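Subject: Structure for your review

Dear colleague,

Please find below the structure I am handing over to you. My findings follow it.

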Amino acid sequence: MRLTFVTATTGLVMLVVIFELLRRRQLREKYGALWLLVAVAVLPLAFIPTLLDGLSSFLGIASGLSLFLFASVVFLLLVAVHLSWESSRLEEETRSLSEEIALLRADVAELQELREKVKTP
Amino acid sequence: MTVTTERVLTILPAWNEAESIAAVIKELQQEVPDMDILVVDDCSRDATAAVARAAGAKVVRLPYNLGVGGARRLGYRYAVEHGYDVAVQMDADGQHDPRYITDMIDALSDADLVIGARFAGEGAYKVAGPRQWAMKLLSKALSAIARTRLTDTTSGYRACRGELINFYSRNFPVEYLGDTVDTIVQAKRSGYVIKQIPVSMRPRQGGTPSNSPSKAMIYLFRSGLALLLALVRR
């Protein structure tokens with residue numbers, strides 16, 4: 001019973017934190033939606049930890065807990081890979097932007113020089 | 001030297017080179033007078049940009065440090081946007097002798113990419129130990145891929161023309177070693193002709209190339225990875 005209390009509280013706190021981050025627009029909707037979905041899917045398990053036992057015995061896994069741990073490791077791994085991919089893309093984008101800025105500044109400097117020359121012949 | 005009407009741009013990526021850059025630019029101007037020089041200042045903390053501008057080079061300055069590959073890609077982008085026919089890339093530390101630029105541009109008549117190679121007969125450049133093996137292995141592999149003898153694949157002294165400038169402005173690899181290995185593989189895979197000519201390098205103005213075995217091992221590993229990735233990349 002005490003275990004259920006711990007897991008249930010953790011699940012609820014997670015849900016509230018994500019919701020609050022979304023509400024303050026600190027989290028992009030796509031990530032917020034993902035984590036909210038995870039929280040909603042996991043919350044029943046927090047209240048009734050034996051819920052997965054049926055499925056896990058069907059899959060040949062000894063206990064629901066093992067299945068859950070396995071699934072969460074796979075899921076977190078996928079999320080980490082996704083984030084690396086996302087940050088690589090962002091790096092490429094900022095790189096292109098910095099190139100653009102460097103070129104623009106060079107153009108502006110050139111134009112300014114030209115204007116000075118026109119002003120003072 | 002042949003007289004050409006081609007517009008040539010020399011790209012010098014520079015990071016904290018205020019002390020040596022002016023001399024390099026001056027020498028370039030003397031050696032090849034009708035050529036534009038672009039210094040890509042990779043967010044130096046010293047006066048590199050100002051010194052280069054005062055010496056008569058065009059300067060673009062990156063808002064933050066992107067590394068030598070990133071700086072070179074910007075150089076190629078500049079070449080495309082300003083309609084240059086030939087782009088030459090050199091190091092800004094005075095290691096590359098500008099006497100060879102005209103030879104390299106001449107060699108572009110039957111190639112898209114010309115690499116100025118040490119070890120190819122000219123000059124007295126030597127590396128020893130594991131680092132040498134790594135470089136040899138890399139040269140062997142890349143020679144096989146490019147179907148031409150390449151003895152110095154890590155040379156940053158290169159010239160390219162036409163469509164390849166355009167290609168590099170979009171695809172120049174910015175990862176470590178990518179700017180040497182990947183550029184050759186990509187150019188070859190996209191159907192460009194690669195060629196090398198012998199050049200001699202001068203000693204670096206400051207610093208020495210590292211010779212520790214562990215660093216050489218890391219170098220070998222990273223170049224192997226770079227090569228593998230370059231080969232399987234779409």
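Two residues are taken to be in contact if their C-beta atoms, placed from the backbone, lie within 7 Å. Please note that this is a predicted model.

By that criterion, Leu12(B) is in contact with Val24(B), Ile37(B), Leu38(B), Val39(B), Val40(B), Met90(B) and Ala92(B), when its neighbours within four places in sequence are left aside. Leu12(B) also belongs to the largest nonpolar core, which has 71 residues. The residues with the most contacts inside that core are Leu12(B), Leu38(B), Val39(B), Val40(B), Ala52(B), Ala87(B) and Val88(B). Helix α3 of chain B (residues 67–81) supplies the largest share of this core, namely six residues.

Turning to the interface, eight residues of chain A are in contact with 13 residues of chain B. On the chain A side, these comprise four nonpolar, one polar and three charged residues.

Chain A itself is divided into domain 1 (1–47) and domain 2 (65–121). The centres of these two domains, taken over C-alpha atoms, are separated by 31 Å.

UniProt, in an unreviewed entry, lists residues 6–22, 34–52 and 58–81 of chain A as "transmembrane region". In the model, residues 6–22 of chain A are 100% helix and 0% strand, with end C-alpha atoms 25 Å apart. Residues 58–81 of chain A are 83% helix and 0% strand, and their end C-alpha atoms lie 30 Å apart. The unreviewed UniProt entry also places a "coiled-coil region" at residues 87–114 of chain A. That span is 100% helix and 0% strand, and its end C-alpha atoms are 40 Å apart.

Methods
Residues numbered from 1 in each chain as written. Chains lettered and ligands numbered in written order. Predicted model: local features only at pLDDT ≥ 70, side-chain atom pairs only at ≥ 80, totals over all residues. Nonpolar A, V, L, I, M, F, W, Y, C, P; charged D, E, K, R; others polar. Domains from an automatic or database assignment. UniProt positions renumbered as here; feature names shortened; annotations may be inferred. Helix = DSSP H or I, 4+ residues; strand = E, 2+ residues; numbered from the N terminus. Core = buried A, V, L, I, M, F, W, Y, C linked by C-beta atoms within 7 Å. Buried ≥ 20, exposed ≤ 12 C-beta atoms within 10 Å, placed from the backbone.
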